[in-house]
Amino acid sequence: FGGLGTAEGGVPAIASLIGLLYVEGQILVVATTIFLVAALRERNEADQRLAAETGSLTGLPNRRRFFEQGEELVGGGAPAGTPIGVVLFDLDHFKSINDNYGHAMGDEVLRQFAQVAGRLLRPHDILGRIGGEEFAAVLQGSEREAAYVIASACGTRSRTPASSSTDSPSAPRCPPESPPASRQASWMCC
């Protein structure tokens with residue numbers, strides 16, 4: 001042990017070994033604490049970033065994040081020559097839903113539209129809420145005709161009351177007495 005322990009350099013005293021183990025244990029505790037704090041901080045920052053980029057009501061990217069993702073796709077995220085379709089959705093008569101049935105019903109309409117549109121899009125498509133009742137989708141690999149089909153399906157499915165929907169129990173629910181026009185989504189393909 002080369003000089004540790006006794007004055008003659010012999011076998012170290014048991015107290016020295018215990019002291020060394022104690023110091024090593026303390027170093028391990030400090031290192032583990034630093035690692036855990038760093039991991040928690042990283043997770044917290046990721047959670048905050050997600051909350052800043054995602055609408056809490058719909059779970060979709062907000063306007064800023066939607067445009068960032070779209071720019072990434074157009075700026076090189078898609079292979080050269082890949083068509084990119086864009087669909088803009090505006091929920092018709094949304095103000096009248098809020099006025100006549102309350103904001104809770106309006107919020108439910110937004111949530112349901114986001115779910116229906118999200119189920120109809122492919123995993124690599126980008127769907128976001130860009131305004132109050134306005135949504136947009138970027139469809140990688142979709143010509144205008146394909147974007148039209150997807151937009152039409154979203155509009156049709158979002159108009160269907162849950163009682164007549166075959167999709168799922170969570171299809172959009174509109175008050176049965178509401179006029180059909182209040183359950184429509186206008187859309188435009190680019």
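Predicted model: local features only at pLDDT ≥ 70, side-chain atom pairs only at ≥ 80, totals over all residues.
Is Glu68 buried, partly exposed or exposed? I looked it up: Glu68 is partly exposed at 28% relative accessible area. My cut-offs are under 20% for buried, over 50% for exposed and partly exposed in between, with a 1.4 Å probe and protein chains only.

Numbering starts from 1 along each chain as its sequence is written, and side-chain values use heavy atoms, with hydrogens and water left out.

**Salt bridges**

I count a salt bridge when a side-chain nitrogen of Lys or Arg is within 4 Å of a carboxyl oxygen of Asp or Glu. That rule gives seven. Glu68 pairs with Arg64 at 3.3 Å, N to O, and Arg65 also reaches Glu68, at 3.2 Å between the closest N and O atoms. Arg64 sits four residues from Glu68 in helix H2 (residues 63–77), and Arg65 sits three residues from Glu68 in that helix; I read either spacing as about one turn. Helices (H or I, at least four residues) and strands (E, at least two) are DSSP runs, numbered from the N terminus. Arg64 is partly exposed at 44%, whereas Arg65 is buried at 18%.

I then checked Asp125, which meets Arg122 at 2.9 Å, N to O. Asp125 is buried at 10%, and Arg122 is partly exposed at 30%. Back at Glu68, shared partners link Glu53, Arg64, Arg65, Glu68 and Glu72 into one network.

**Strands**

Next I went to E3 (residues 134–140). Six of its seven residues are buried, so the rest of the structure largely encloses this strand. I call two strands paired if DSSP finds at least two bridges between them. E1 (residues 84–91) runs antiparallel to E3 with seven bridges, including Ile84 to Gln140. E2 (residues 126–129) is also antiparallel to E3, with four bridges, one of them Arg129 to Phe135. A hairpin of four residues connects E2 to E3.

**Cores**

For a nonpolar core I take buried Ala, Val, Leu, Ile, Met, Phe, Trp, Tyr and Cys residues joined through side-chain atoms within 4.5 Å. The largest has 20 residues, and Phe135, Ala137 and Leu139 are among those with the most contacts inside it. E1, H3 (94–101), H4 (103–120), E3 and H5 (144–159) each supply at least two residues. H4 gives the largest share, five residues. I also noted a second, separate core of seven residues, including Phe66 and Ala136.
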